[in-house]
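Hi everyone, thanks for making the time. I'd like to walk you through one protein today, so please have a look at the screen while I talk.

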Amino acid sequence: MAAEPIDLLDKMRRDWDHRARENARYYVVNSQPTWTDQEFFEGGRKTVANDILTDMINICQGRTPAEMKVLEIGCGAGRVTRALAELFGEVHAVDVSGEMVRLAREACAAHSNVFIYQNNGRDLQALGNQQFDFAFSSCCFQHIPSYEVIESYVRETARVLKPGALFKFEVQGYAELKSQPGDTWHGVPFSTAQAIDLAERCGFEPRHLVGAGTEVFWLWFFKR
């Protein structure tokens, strides 16, 4: 797999730093222009209620949430991170934007079980050789305009997950979308075949795929 040009990774970082400074919460959830603290973080709890608590058999695999160490990719301003910290024993989160990382750390300051890192936009080297019981990502990969970057993230997630652990994440599934190089808002779309190929190349078993052909295409990848 060819290395992604450094200027794209820099552009991702710069664009998301700019969005964070302009109106971070809007760019995390753009269904309304402004959000109170209560509205914003309650939205994170709803994400956990809808996408985590309904799926605990796949996620926990017999463990209790309090004993699990989990990873979030693309944490933004900490909206979901804080809700994950209310459920799991330890939460580690990454984001390409230093401004978003700063806001996420502020949002999660009262949670001693949260650790937030700025990464380089394509891998998880900032985490070192830590191992995780579960990985999650929402509203992140839909904004990445490069199949190579997304594959790098998926491959790196396989590196840091324990065998059998789940990586649950969403990608853009609307095939008609024409993502332009360098567009850090409209990411590249995946078909079902592309998603399955991605899993197999990166060491995952793709057990469930929901939402193919839509803007919210959820993938359940279990590490082999």
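**A walk through the cores**

Buried here means under 20% relative accessible area, exposed means over 50%, and partly exposed is in between, with a 1.4 Å probe and protein chains only.

A word on where this comes from. This is a predicted model, so local features need pLDDT of at least 70 and side-chain atom pairs count only at pLDDT 80 or more, while totals for chains, interfaces and linings use all residues. Residues are numbered from 1 along each chain as its sequence is written, and side-chain values use heavy atoms, with hydrogens and water left out.

Back to Val114, which sits in strand E3, residues 114-118. Helices (H or I, at least four residues) and strands (E, at least two) are DSSP runs, numbered from the N terminus. Setting aside residues up to four places away in sequence, Val114 touches Thr81, Ala85, Val91 and Cys108, where a contact means heavy atoms within 4.5 Å. Arg19 is 95 residues from Val114 in sequence, and their C-alpha atoms are 23 Å apart.

Now let's zoom out. The protein has 7 helices and 7 strands, and from the N terminus on they run α-α-α-β-α-β-α-β-β-α-β-α-β-β. For 224 residues a compact globule would have a radius of gyration near 17 Å, and the 16 Å of the protein agrees with that. That radius is taken over C-alpha atoms, and the globule rule is 2.2 Å times the number of residues to the power 0.38. The C-alpha atoms fill a box of roughly 45 × 40 × 30 Å along the principal axes. Buried residues make up 54% of the 224. If you take contacts between residues at least 6 apart in sequence, 69% of them join residues at least 24 apart.

So what is inside? The largest nonpolar core has 35 residues, and those with the most contacts inside it are Ile73, Phe141, Val154, Phe167, Phe204 and Phe221. By nonpolar core I mean a set of buried Ala, Val, Leu, Ile, Met, Phe, Trp, Tyr and Cys residues joined through side-chain atoms within 4.5 Å. Elements that each supply at least two residues of this core include helix H1 (6-28), strand E1 (69-73), helix H6 (147-160) and strand E7 (217-223). The largest share, 6 residues, comes from H6. There is also a second, separate core of 25 residues, with Cys60, Cys75, Leu84 and Phe136 among them.

Staying with H6, that helix is also the place of Tyr153. Is Tyr153 buried or exposed? Its relative accessibility is 4%, so Tyr153 counts as buried. Beyond its neighbours within four places in sequence, Tyr153 is in contact with residues including Ile73, Asn119, Arg122, Asp123 and Phe141.

Gln61 has a positive phi of about 50° although it is not a glycine, and Gln61 is found in the loop between helix H3 (56-60) and E1. With 38% relative accessibility, Gln61 counts as partly exposed. Cys139, also not a glycine, has a positive phi of about 55°. Cys139 lies in the loop between E4 and H6, and its relative accessible area of 45% makes Cys139 partly exposed.
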